[in-house]
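Please read the following report alongside the sequence and the coordinates.

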Amino acid sequence: MLLIKNGLIHNAIDREPFVADLLVDGTKIVKIEKDIVCEDAQVFDATGLEVYPGFVEAHCHTGLDGHGIGYEGADYNEMGDIIACHLRGIDAIEPRDEMLKEAREAGVTTLCAGPGSANVLGGTFVAYKPVGVRIDDMIIKAEVAMKCAFGENPKRCYRDKGDSSRMTTAAKLREMLFKAREYQQKLERAAGDPEKAPAFDMKLNALLPVMRKEIPLKAHAHQADDFFTALRIAREFDVDITLEHVTEGHLVPDELAKENVMLAVGPTLTHASKFELRNKSWETPGVLAKAGCHVSIITDAPVIPQKYLPLCAGLAVKAGMDPFDALRAITINPAEHVGVADRVGSLTVGKDADIVITDGSPFEVSTEVKAVFINGRQI
């Protein structure tokens, strides 16, 4: 048992923080109230300190980057196949990546990581905790979403191999969704009879969870026109979708609010390295949240080091975002975005005991992280 006493609780659910105790039994939060008495518990005195849920990253490549040391270790982009939906991020994560240590020490206790955006379809993302020696034991959700990409990256990476325009990117995605729908229909008609079933196709099989709405498409899109191409295709095939990066979101907030899709905004702590980033702004998360959108703030690590996720939220606050919206954008919102909010994202009875204790707001660069707990264990 672990008893955290007298901390200022920011639970990411209630707007106003409150002083209370927090009791952990094993890996779960079992009680949050004042003056808890538990004689058998290990006590952490949080008097004068602030207590937050572990921070959640909705979109990164942490663990697939090979420690950021050269091509040989980098595993987040397949450069030889523009349709790579059969790949799984889980198969490339290196638990010893130094960025995982930096993440957990900064209070980032849940990561959603997977393939990059070189391909029209890149494969699946995985949600995991950044502590352990074997990825199989670190997983929260093995398949979170299917990565797809719009805009300049597929064009740039496959310019000489069959994709030099946004029209081609959209057509290639449509083609695969058409084939996946047909494959699904044939399987359903076969009703388990192997003699009637279509020949196994690994790529189409990988798309079946998307077609069944078990996981969404996770659509890389910076430019506003790409948002609407992605949404148009998702509606056409009746599949779920989230929008990732959303760099020009502040230019069309009302349109995005009408769509009612989850948005992961970032990375913003970089310069405009491509044409489609020319309208990058720290105001984007706040503008979208104010319009009523579901907003997560992301680092896209290693683009921004994973440990700076709370700093990115702070810079959004500096640009006008409501501080409570910013807190939710790195806690409960990304947990909902990746489908793991039943376990993480808020300080709530029954959820995993992923807890961050600081001496001030995590949005301030002078704030120190005093303790981090993952699954009830101080790390």
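## Terms and basis

Strands (E, at least two residues) are DSSP runs numbered from the N terminus, and two strands pair if DSSP finds at least two bridges between them. This is a predicted model, in which local features need pLDDT of at least 70 and side-chain atom pairs count only at pLDDT 80 or more, while totals for chains, interfaces and linings use all residues. Residues are numbered from 1 along each chain as its sequence is written, and side-chain values use heavy atoms, with hydrogens and water left out.

Eight strands form an open sheet in the order 6-7-8-9-10-11-12-13, and their pairing is mixed. Strand 6 (55-60) and strand 13 (294-297) are the edge strands, each pairing on one side only.

Strand 6 runs parallel to strand 7 (residues 108-113), and four bridges join the two; Val 56 stands opposite Thr 110 in strand 7.

## Lys 218

Lys 218 lies in strand 10 (residues 217-221) and counts as buried (under 20% relative accessible area, 1.4 Å probe, protein chains only), because its relative accessibility is 1%. The side chain of Lys 218 reaches the backbone oxygen of Ala 58 at 2.9 Å. Residues that Lys 218 touches (heavy atoms within 4.5 Å) include His 59, Cys 112, Glu 244 and His 337.

## Cysteines

With a disulfide defined as a pair of cysteine sulfur atoms within 2.5 Å, the count comes to zero. The closest cysteine sulfur to that of Cys 60 is in Cys 112, at 7.0 Å, which is too far for a bond. For Cys 312 the closest cysteine sulfur is in Cys 60, at 12 Å, again too far for a bond. Cys 60 is buried at 0% relative accessibility, and Cys 312 is buried at 1%.

Notes:
Buried means under 20% relative accessible area, exposed over 50%, partly exposed in between (1.4 Å probe, protein chains only). A polar contact is a pair of N or O atoms within 3.5 Å; within protein, one must be able to donate a hydrogen and the other to accept it, and residues adjacent in sequence count only if both atoms are side-chain atoms. Lists of a residue's contacts leave out its neighbours within four places in sequence.
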